[in-house]
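Me: Please take a close look at a single part of this chain. Pick one residue and tell me about its surroundings.

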Amino acid sequence: YLYCIRGTGFAKIRCTFFVAENLITPQRLWEFAFSVRGMGAISALRHILVGCSSAAIVAVGLCAGTHAVLCAIERRRHKPKGKFVTLKAGSKIHYIDEGDPNADICIVFEGGIGMWSLSWAWVRRFILQNVQEEVLKDGNADDVVSKRVRLISYDRPGLGFSPSDRHLRQRSHTCDEHAAQLNDLLESINVQKAILVGHSFAGLTLRAFAQAFSDKVCGMVLVEPSHPAQATMSHGKQATYEIFPSAEETALRLRRLALLHRTGLLRLFRALGIREGASISNQNRLLAPHFPADVVPEYLDQSFALEGMCTMLSEHGAFYESLAFIGRTTPSQYGALGQLPLVVVGRDPAKGGGGRLFPNARGNPEKERQIQSWHQDLAELSTCGKHVTIAGSGHGSPLFCKQDAKPLAGVIFDVLRCVWDSQRLLSSGDDVDKGVSLSISGSVLKGSMGHVVGLMEPEAR
C-alpha cells in the first residue's frame, strides 16, 4: 500500500497504523484524515481519494492478473473430447462423434439456452448402452449391421470448446439461424438423415429445422420444449417477454459481464456470493453433483468461461424473437409434420420446473396444466406423435440427473427402433407407413398411440 501511494503526497502522512493493523475503524479513519502535517481538511481529503484510487487500481490489476493465470490453467487442464469442423459461414464447431461413423441413422442432440455437448453426457451413455444390448440380443449378422447408430452432440459458437462467433458478439441469434447452422454442421460431417433431440429452447430450433430441411429428419424427440404461446404466459405480474431481456438490455449486460470477467471481479463475486457470480456458483453447485464424475471438473471450468456466459445471455435475448418467429412461420395444425416419429417428453406436473434438481419447488397447478396442454399440442404436430412425462422430473433433470436421463434415453431408443423398423420395411418393399404406426403403437412407453399423457417411472426401463 505504501509503495503504490508513494509520490502522491502521502509520504508526509502518519499512516503507520494502516500497515500495523488490518482493521480500519471509523476512529482510525478520523485520525488518519487529520494527521496530515501542514495540510487543510480539503487537501487531506483530496490526497486520501487519490491514495484510495491508486490502491483500488492496483487491487483490480492484481485480481485481473490472478484471474488471467487461473483461466490459462483451466483452459490447459482439459482437452476437447471431440473434433473440430469449420462451417461454411466460418464458425469453428466442436462436436463429439460417438457410435458407428458408418451408420445410416444419426441422433443429433441440440441443447437449450447455454447448454453444450457435456449436458447430454448421461443420455448419450444410456443410448449407447441400449444399442449395445439390442445388438447383442440379435444373432443375425444382417440385423446387427442394420442396427447401427451414430451420435452427434456439439457446442454452439461460444459454448463449451467452440470459440465465440464474432457475429454472435454483436447481436442475438434466433432459432432459425441456429437451424441453418445445424444444417451446415450436418452437411460438413456427412449426416444425411437424423433423429433430432432437443431440450427447452432447442424445441424451437428443431421445429425451424424440420420446416426448412424436412428431408433430413427421420424422427424427433422434444424434451420440455418451448411453445410459441409462452410469449403470453404470465409469471406473476410479468409475461415471458418481460422476464427474458430485450436485445438492447442483453447488449448492456454483455458489456458489463465482459468487463467484470476481464478484471477478475466476476470470479471474486462468485467466491463471495455477490449477485453476478452467485447465480453461476449456485448453478454449478446444484448441477455438478448429478454429472458423471469424469466430466464434473470440465463442466465447472467451461461453464464459467466468459464466452459461455456471454453466449447464454445472447441466447436469452433472442428467446422472445424466436417464439414469435415459430408462431409466425411454422404450421401448428394437427399432422403438420406428417407421420414423423415424434415424442414430446414433459416434466412431472406435480413437481413443476423443479423436479429432482429443486426438490422443494412446486409448480402452479393452473400453469402446469397449461404447459401440459402445450406439450400435447406439440405432440399433435405428427399423426404418430406421443406425449409422455417422467415421474419426479423437472425442466432440466432429464439431462442432468442419472435417474431421469435413463428413461429419456429409453424414449429416444424407442424412436430409433421405429426408424430401424421403417428402414427394414423400406428395403423389403413392405408398407412403410403401416410399419411406423405399429412400431410407435408397440412402444414400451405407457399410453396408447395418439396424444395420451403417460407417467413413466424412472425404473420403467
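Reply: Start with a term: buried means under 20% relative accessible area, exposed over 50%, and partly exposed in between, with a 1.4 Å probe and protein chains only. Glu224 has 4% relative accessibility, so Glu224 counts as buried. This is a predicted model, in which local features need pLDDT of at least 70, side-chain atom pairs count only at pLDDT 80 or more, and totals for chains, interfaces and linings use all residues. Residues are numbered from 1 along each chain as its sequence is written, and side-chain values use heavy atoms, with hydrogens and water left out.

Now the location. Glu224 lies in the loop between strand S6 (217-223) and strand S7 (234-235). Strands (E, at least two residues) and helices (H or I, at least four) are DSSP runs, numbered from the N terminus.

The Glu224 side chain comes to 2.8 Å from the backbone nitrogen of Arg347.

Then the wider neighbourhood. Contact means heavy atoms within 4.5 Å. Setting aside neighbours within four places in sequence, Glu224 contacts His199, Ser200, Val345, Gly346, Arg347, His375, Gly394 and His395.

Finally, the setting. The chain has 461 residues, and 51% of them are buried. Its secondary structure comprises 19 helices and 11 strands. Of the contacts between residues at least 6 apart in sequence, 75% join residues at least 24 apart.

Conventions
A polar contact is a pair of N or O atoms within 3.5 Å; within protein, one must be able to donate a hydrogen and the other to accept it, and residues adjacent in sequence count only if both atoms are side-chain atoms.
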